[in-house]
Amino acid sequence: MDDLIFAKVDKYITDLLTPEDKALTDTLDSIEREGIPSISVSAPQGKFLQVMALACNAKKILELGTLAGYSTIWMARTLPQDGKIITVEFDEHHAAVAQKNIDNAGLSSRVDIRRGKALDILPQILTNGEGPFDLIFIDADKQPYKEYFEHALQLSRSGTIIICDNVVRNGEVVNENTTDDRVQGVQRLNKFLSTCNKVTATIIQTVGAKEYDGMAIAIVK
Ligand SMILES: C[S@@+](CC[C@H](N)C(=O)[O-])C[C@H]1O[C@@H](n2cnc3c(N)ncnc32)[C@H](O)[C@@H]1O
């Protein structure tokens, strides 16, 4: 087995079930053109986020880590007219490119990009009473993942789905001696999930054209 088969199967799934329209391919083009890292979710993963949003009938979604808005667009498309996704991004350039992509997708009325560090913005969202959210997607920097998850819990209701991307990190997550603080960040989260009695959670490994990784999926009790 090599990465080639994962890329081929990703393309097979994308062609079959998750074709990207122009707004999504424009978003991927903007990432390349603007020199932004190519670290969006894949199309099948974007569709997975859609499926999760539909499963919980999401009207309010929170995302940490917008990048160019690719995953935001997948999720926002499931929202009813009066639905809203708040997506948090601290890099001004990423946020500006994302805003253009969201406008281009015709989703401006449903997407609210909050500029700043997630650990600063999350308490504001709580204080403003903007929760609870139906779906929360955590996909920003990995070091504070446990803290992000704890904030997410405060912004949840019974039945909220919380998804955290990149929690396997090419399998490094099993390396107890790792010195990579991003791996240590997801290890702290994963351990927290094992003791947190407020959620039912699991981790699903993911493979694809870009990476071997995994998503933690938790549902709030
Ligand atoms: C993996 S990318 C997000 C990908 C996006 N969810 C998608 O799939 O299209 C992570 C993003 O989080 C942003 N980020 C990193 N640290 C952050 C922080 N402390 N607060 C908010 N955003 C942050 C980065 O600038 C980057 O744009």
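A: A patch here is made of residues with over 30% relative accessible area and no salt bridge, and nonpolar side chains are joined within 5 Å. The model is a predicted one. In it, Ile5, Val9, Tyr12, Leu16 and Leu17 make a nonpolar surface patch of about 490 Å². One of these, Tyr12, is found in helix H1, which covers residues 3-17. Tyr12 counts as exposed because its relative accessibility is 53%, and the cut-off for exposed is over 50%.

Rolling a probe the size of a water molecule over the atoms shows where empty space is left. The count comes to 1 cavity of 30 Å³ or more. About 70 Å³ of space lies in the largest cavity. Its lining consists of Asp10, Ser40, Val41, Ser42, Gln45, Thr206, Val207, Gly208, Ala209, Lys210 and Glu211. By class, these lining residues divide into 3 nonpolar, 5 polar and 3 charged.

The largest pocket holds about 820 Å³ of space. Its lining is made up of 37 residues, and Ile39, Asp139, Ala140, Asp141 and Lys142 are those that lie nearest its centre. Helix H4 (70-76), strand E2 (84-89), helix H6 (118-127) and strand E7 (212-220) are the elements that give two or more residues to this lining. Sorted by class, the lining of the largest pocket has 13 nonpolar, 12 polar and 12 charged residues.

How values were computed: Residues are numbered from 1 along each chain as its sequence is written. This is a predicted model: local features need pLDDT of at least 70, side-chain atom pairs count only at pLDDT 80 or more; totals for chains, interfaces and linings use all residues. Side-chain values use heavy atoms; hydrogens and water are left out. Patches are made of residues with over 30% relative accessible area and no salt bridge: like charges are joined within 9 Å, nonpolar side chains (Val, Leu, Ile, Met, Phe, Trp, Tyr) within 5 Å. Accessible areas come from the Shrake-Rupley method with a 1.4 Å probe; for residues, only the protein chains shown count as cover. A salt bridge is a side-chain nitrogen of Lys or Arg within 4 Å of a carboxyl oxygen of Asp or Glu. Helices (H or I, at least four residues) and strands (E, at least two) are DSSP runs, numbered from the N terminus. Buried means under 20% relative accessible area, exposed over 50%, partly exposed in between (1.4 Å probe, protein chains only). On a 1 Å grid over the protein atoms alone, a cavity is a set of points where a 1.4 Å probe fits but cannot get out, and a pocket is an open set with protein on both sides within 12 Å along at least five of seven lines; lining residues have an atom within 4 Å of a point. Grid points are joined across faces, edges and corners, and a volume is the space filled by probe spheres set on the points. Ala, Val, Leu, Ile, Met, Phe, Trp, Tyr, Cys and Pro count as nonpolar, Asp, Glu, Lys and Arg as charged, and the others, Gly among them, as polar.
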